[in-house]
Amino acid sequence: MSLLQVEKMCKDYGGLKALSGVSFSMEKGEIVSIIGPNGAGKTTLFDCLTGYIPKTSGKVVFDGTDITAYPPHDANKAGMARTFQQIRLFPNLTVMENLRVGMHSHTRGGIWAGIFHPAWYRKQEELCYRKGLAILALFQERLLPRVDQKVMELSYANRRRTEIARALASEPKLLLLDEPAAGMNPHETRLATDLIRELRDKGNTILFIEHDMSMVMSVSDRIVVLDHGVKIAEGPPSEIQKNEDVLEAYMGRREHAEA
Amino acid sequence: MTKKNLIAALLVFAAALPVFAGGGSEAPAQDSPIVIGVMAPITGDNAEYGEFFRTGATLAVKIINDKGGINGTPVELLIEDSKSDPKEAVLIAQRFISNPAVMGVVGDFNSTASMAAAQIFSPAALVQISPTASHPGFTAIGEYIFRSGTTQVHEASFLARWAVKDLGRKRIAVIYINNDWGVVTQENFIKTAKAEGAEIVALEHFIPGDKDFTASLTKIKNANPDMFFVGTQWADAALLATQAQKLGLKVDLMGAGTLATDPLIQNAGMAVEGIRANSQYFVGDTRPPSKFFTDEYQKMFPGRRPHSHAALTYDAVNLLAEGIKTAGKDRAKIRDAMAGIKDFPGATGTLTFDAERNPFKVFAKIRVIDQKWQISPE
Amino acid sequence: MKKLSYALIRCAPILGALLFFCTLPLYVRSDYILRVFVQIGIYVLLTSSLNIVNGYTGLFSVGHAAFFGLGAYGSAIVCTKLNLSFWQGLPTGMLIASLAAYVIAKPTLRLKGVFLTLVTMGSNMIIMLVFLNWDSLTGGSLGIMGIPMPEIFGTKFLRPLPYYYLIIVADILVIVLLDRLMRSRFGLTLKAIREDERAASCNGINVARYKTMAFVMAAVIAGAAGSFYAHYYRYISPEAFNFTESFIIVTMLAFGGPGNILGPVVGAAILVGVTEAFRAFADYRMVFYGTLLVLMMIFRSKGLLGGREYSLTITWPPVKKTVYSKGDRFLDTEKEENDEPAAG
Amino acid sequence: MFLQQVFNGLAQGSTYALIAVGFALIIGTLRLVSFCHGEIFMMGAYVAFTVVSRWQGSLLAAFVVAFAAAALLGALVEFVGFRLLRGASRISSLLVTIGFSTIFLNAAQLIWGAQTQSFPTDIDSAFEFMGIRFTFIQIVVYAVTICMFILLHLLLGKTKLGRAIRATALDHEAAFVMGVDVNRIYSFTYALGSALGGLAGVLVGLYYNAVYPAMGGMMGLKAFSACILGGLTSIPGAVVAGFFLGEIENLAVAYISSGFRHVFSFAILIFFLIFRPRGLFGRKDSIR
């Protein structure tokens, strides 16, 4: 059974169809990328999947559960973690605190635990700290020395990395990355590509939106192409590269495809 | 770093300390002046009344000092702004108590602040005399708590008897301001009026700050009363009268003694012609102590018209002075002396304290005739 | 033994503050100053509780006096009508305030920004009007008088001193507990909501639930302050709880520094202090007050203490900050162990 | 009686509407709630009062001067609370407006005194028509309100400035890119909104024949309520909601109890906030 199944997802914005009948599915351990020209509905698709905006119609089954009507925090609890196209970190919190918030779903502790710090709570927090360090270690010297820095003081690329780290902190079954390489220089993009590969090797399932075709083509197992809210193609990179519809969708709008 | 910050935070406290160090307690020198504390809303929503407190008390002290003070000792005023806020009032009360030169306190204006302060004054054995606090439970707070103004119990029932018994009115409409003053006024007025056999055809109220009474007045107009009792201070009464006039509500008006002031006529003009009120004091009052007060007030504050609140404050200071004169500089004895005061010739009438330390006075019946407050011929 | 001495050093600032304030009456022998401190103390409670909502959770409530009033009225009513003592009135006041907060928060906290602000303002107004119009229970505009003084072992609180100690203990307790809480998972969650509500919800935080919890918690503390207020002044009336009062609390928080554990203390101390110090210039005081607020926002919009965080506990021996050391703010363990360097 | 009550409600409603329109204009364009709108309203009334009673000016002069003075104060608040604080959090701006409300209120008390003063007018005749009493001042209130709405409508709809204001309200970044001097528009809008508030102050002062420092407080709250009811940023919404609120209050007093006047208007406010935050006329996207 597939990890994620999206059936006939539709989203209307007062007459404007942002998504019309998008269906696809993902297997565990897969890397799928979503591409499409600007305004194709990629981010809307993410928002619908994670429950941030209500869907007009359609169904999402995730890991055997129907999560169509889940609000974002329940979707996160079910195992989805995402990043945003425009970075949305908690700017006045430190890197580690950001990660700790990411671990919200699978930790406990409310007002009483917060005041009295019982033994189980201390243990949990200590474990969280170690786990946070382990995740940051993926980014090596770029984030590790900055554990206690406020993220608003970080560079752009490091903030993108922190956001990914925060998503990883929730131990997601599915990681949704919205343009992880946006605004990065080629070197940084290469590092991001490597990171995604490393994550896949560790058994993560990743769905991501990206404009950088070199990255898309080199890491994706499969590509879903959206245009005007409609899925126009799906398949492995080699197929997509040759697909007439895709080329037209891109070329017809702007000369962009760098691949 | 954290330690440094903490020290800094503690320093803030330390730095704030000297600010409060004003209330030190030195023993009063033998011939040091007698201090009378005044607490009143100099700022805030009731500032216009606080002004009457200030002027009334200032005048009283000036007159006392011109006559050589109390037993030869000059009197000083210590005026503090309470904003009619109970929290402020309590702090001021504590300041007065810790200042041994203070022999008695006049204030506050409204009941909330007066009562909060009374909780402090009473156990500390310092006399507090409020000219205007009207809450029925005010003087019951303690032995040291006095009033110089009559309570609404007296005043409102006096008015009700005047309206029903003397004037023979049977259909009375009532509007009142929903604060402690208005509620007590209205309750006593209605109780007595009903007992005398009148019918209350409309009972309306509004909260402080409301200025549009047309809806209530329209209701009252439809009830067709033969007397309209206005349980408000003068500013609201002026609005009520003008709005009633605009609505074509033609009915005899009656209100409490606080209306007996010129601004009411200035603001409402012909709309208040014929309005009746009882009076402890009004500008045209011809009783000698009242006239003396009026003349002196206008001499000291040219261009201002005295008001019954000013007269009540003036009386309160004089009552305190009377107590101090008899008892000397002894807070506890001053109380006993004051409680025993009988037939005191005040600007607001001849005054005697009852057992509850509420004053009893004879009211005058007054009316606006030819745009002037005059003794009512009836 | 070692553990105990460690704990003592760690809590030195708190113990120091406790010692300072407890001995204060010994060298400041003035009931007036004690009363000023009691007033500051009440405002510290109120402002600290508002800090949970406005400072940590990032909402902008301007109706906090409503819960203050509910605490005061709740406690005063049960004490005068059922002849209970302060110690029974206090939890009742807190309970009533928290119930009201829950009822208000539940449907409205999904609102954002200005809308929420307006709801808090409107509910403040409505609750005050209820105090004013429900005569049979609240005494209407006559208020409630004769509220009993608190007593401990049969000793009544006649002088300001016991009130002073009571409020100082309450303040320090609330501040220390809030400090701990705001560093915990719960506090971090609130801060995350303040920083970015949407990102918070996508990280598994049930935003509405946590907002409600913050709101209710703030109401509980404000209710306690209200109950104290009622038994301290012993007479309450509706006008003390209108939104002018809410504005004062908001201003104090803005002054001291929202989102800062000591901000409320500084804000309340300075604003009450300024009010007292400028008593002589009564006429200009409020103008000055407003001007100060405006200037503050222009030059130090994050309040006097700014965004800096102050630790109420000190770590000793000081942890050498290396890449892998754990900062005090995350782990609250007393042992210092070597972390496994998770990666090289 | 019913008709008379409805008519009373209209008069009160029109003052609510006027102050709410200025408010909606400010919220819509600057996305900033102003807590000192009520105090600017009060200042307007006082300035007009000064013109008429101290300088013996005509009523028309009073209107003009009050309009200008309120506009000036509005521009000042905008400059300090918005321009100087660009980049700071929205809450800082709110607090600045709270600060200004304290300053204005107490300054007015210092300048004009705390007591209620009457607005000297010689136009005070009343006539009866179909059982309803009209006063001349009511007619003035209606006339000025309606004129202002028409002028405002024309300004926003037909002039270049109006289009710039609307563009800024919709999307200030886009407007900036299109060459609109956004800062100037902000100042202008705030000044205009405040001026309308000041004008409402004059009308209320005239209508009730009273000016006093605290007159703005409750009025400011009612303006809030009317704005929410009307959809926060919608100008026709604010107008209709203002009249609606005036009616509701008067009918509540007339047929239920005078204690319920404010309970009703705030209960409606909260009801709308919970169940229909976009108000009667707001668009969905106006909620931010």
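How far apart are the nearest C-alpha atoms of chain A and chain B, which do not touch? In this predicted model, local features need pLDDT of at least 70 and side-chain atom pairs count only at pLDDT 80 or more, whereas totals for chains, interfaces and linings use all residues. Side-chain values use heavy atoms, without hydrogens and water, residues are numbered from 1 along each chain as its sequence is written, and chains are lettered from A in the order in which they are written.

The nearest C-alpha atoms of chain A and chain B are 15 Å apart, and chain A and chain D likewise make no contact (heavy atoms within 4.5 Å), their closest C-alpha atoms lying 10 Å apart. Four pairs of chains are in contact, and among these chains A and C share the most contacts.

Between chain C and chain D, 32 residues of chain C are in contact with 36 residues of chain D. The two chains bury about 3,100 Å² between them, 87% of it on carbon and sulfur atoms, where buried area is the accessible area (1.4 Å probe) lost on putting two parts together, summed over both. C:Phe60, C:Phe115 and C:Leu118 supply 20% of the area that chain C buries against chain D, more than any other three residues. Across this interface the rule finds zero salt bridges, a salt bridge being a side-chain nitrogen of Lys or Arg within 4 Å of a carboxyl oxygen of Asp or Glu.
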